[in-house]
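Me: Hey, can you walk me through this one? I'm new to it.

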Amino acid sequence: MRVLISGARGQVGHELLRLAPEGFSVQGLGSAELDIADAGQVARVVAELQPQLIINAAAYTAVDKAESEPERAWAVNRDGVAHLAVEAERLGIPVLHISTDYVFAGDAQTPYRETDATGPTGVYGASKLGGEVMLAANCSRHIVLRTSWVFGSHGNNFVKTMLRLGREREELGVVADQQGCPTSAASIARALWALARQFREQGALPWGIYHFSGTPACTWHQFATEIFRQAVEQGLLERAPRVRAIATSEYPTPATRPAWSVLDCGKLRETCSIEQTDWRHELGLVLAELGNAPGR
Ligand SMILES: NC(=O)c1ccc[n+]([C@@H]2O[C@H](COP(=O)([O-])OP(=O)(O)OC[C@H]3O[C@@H](n4cnc5c(N)ncnc54)[C@H](OP(=O)(O)O)[C@@H]3O)[C@@H](O)[C@H]2O)c1
């Protein structure tokens, strides 16, 4: 099966290429080869490659910067998804797409289900929700996989920021009043490939929106503390810095962050037999990989 992966140089895109199962002929394109915001280019590339499935890992992910350049965020996250959706529908093929917990307001107290009301508080979340709407409107066979707090060995993320700060500082303050679910990029790639395999075997999928994240839920402060614990254990840091619990109000950012980002992943488990992974185990694998990286 021929699979086109857009955004192939990002955290999740990188893992999708690395973890591609046997029997899939994968064409992974970065933004330089396929700019999804460019409708003409999307049409040309899709017509040329004739994929049988598209996995979209491309997105404008700079949450704070999106507040000052909303046009770019909308162009990629909404319009770019629409372009892929239109071309997929023209070929009669499905799109597997990744979305975010930021489509929600983040003021709930129980894990968000797929049927809960959305209410993004910033440009990034609103533009990602726009992408979900465009996909549903233009491509009859699609999956939206909403995820959260993505980390991996490739690209920029919270784990790598903490490791850098841990080397530079004796103490750091980390937000302790936001709850969420760290999710490894590799686990997202595995979930997407599991869906792709089901599609290849059965010719269809239970189309729609699904939640997928790591487990258990934690705060950024707890996540940081576990990063440092494992980094010391694995020899990436000589010693852990003191991690001071701070409030969101002490760390102001241009975009509001959801206080509650916990996703209920039951629908994906019950419908497609795809289980959540323990992010602490995934973290260990990512740290081991970073520890083995040349020039560390
Ligand atoms: N990171 C998170 O914590 C998080 C949380 C929840 C959901 N998600 C979602 O998960 C998905 C994957 O995110 P990620 O963490 O892998 O993000 P990432 O590392 O920032 O990767 C996104 C990729 O998209 C590419 N891209 C940007 N604009 C593009 C365009 N116009 N055309 C084609 N490619 C473009 C980027 O390439 P350039 O660098 O060359 O621009 C980048 O390689 C996204 O849908 C994101 O919204 C992420």
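**Helices and sheet**

Me: Which residues of helix H1 are buried?
Reply: In H1 (residues 11-18), they're Gln-11, Val-12, Gly-13, Glu-15 and Leu-16. Buried means under 20% relative accessible area with a 1.4 Å probe, protein chains only. Helices are DSSP runs (H or I, at least four residues) and strands are E runs of at least two, numbered from the N terminus.

Me: Where do the numbers come from?
Reply: Residues are numbered from 1 along each chain as its sequence is written, and side-chain values use heavy atoms, leaving out hydrogens and water. The model is predicted, so local features need pLDDT of at least 70 and side-chain atom pairs 80 or more, while totals for chains, interfaces and linings use all residues.

Me: OK, what do the buried residues of H1 pack against?
Reply: Strands E1 (2-6), E3 (53-56), E4 (95-100) and E6 (150-151), plus helix H6 (185-202). Contact here is heavy atoms within 4.5 Å.

Me: Switching to the sheet: what's the strand order?
Reply: E2-E1-E3-E4-E5-E10, six strands in an open sheet with parallel pairing. Strands pair if DSSP finds at least two bridges between them.

Me: And which strands are at the edges?
Reply: E2 (25-29) and E10 (208-211), each pairing on one side only.

Me: How many bridges join E1 to E2?
Reply: Five, and the two strands run parallel. Leu-4 stands opposite Gln-27 in E2.

Me: Last one: which residues of H5 meet H7?
Reply: Phe-158, Val-159, Met-162, Leu-163 and Gly-166 do, against Trp-220, Phe-223, Ala-224, Ile-227, Phe-228 and Ala-231 in H7.

How values were computed:
Buried means under 20% relative accessible area, exposed over 50%, partly exposed in between (1.4 Å probe, protein chains only).
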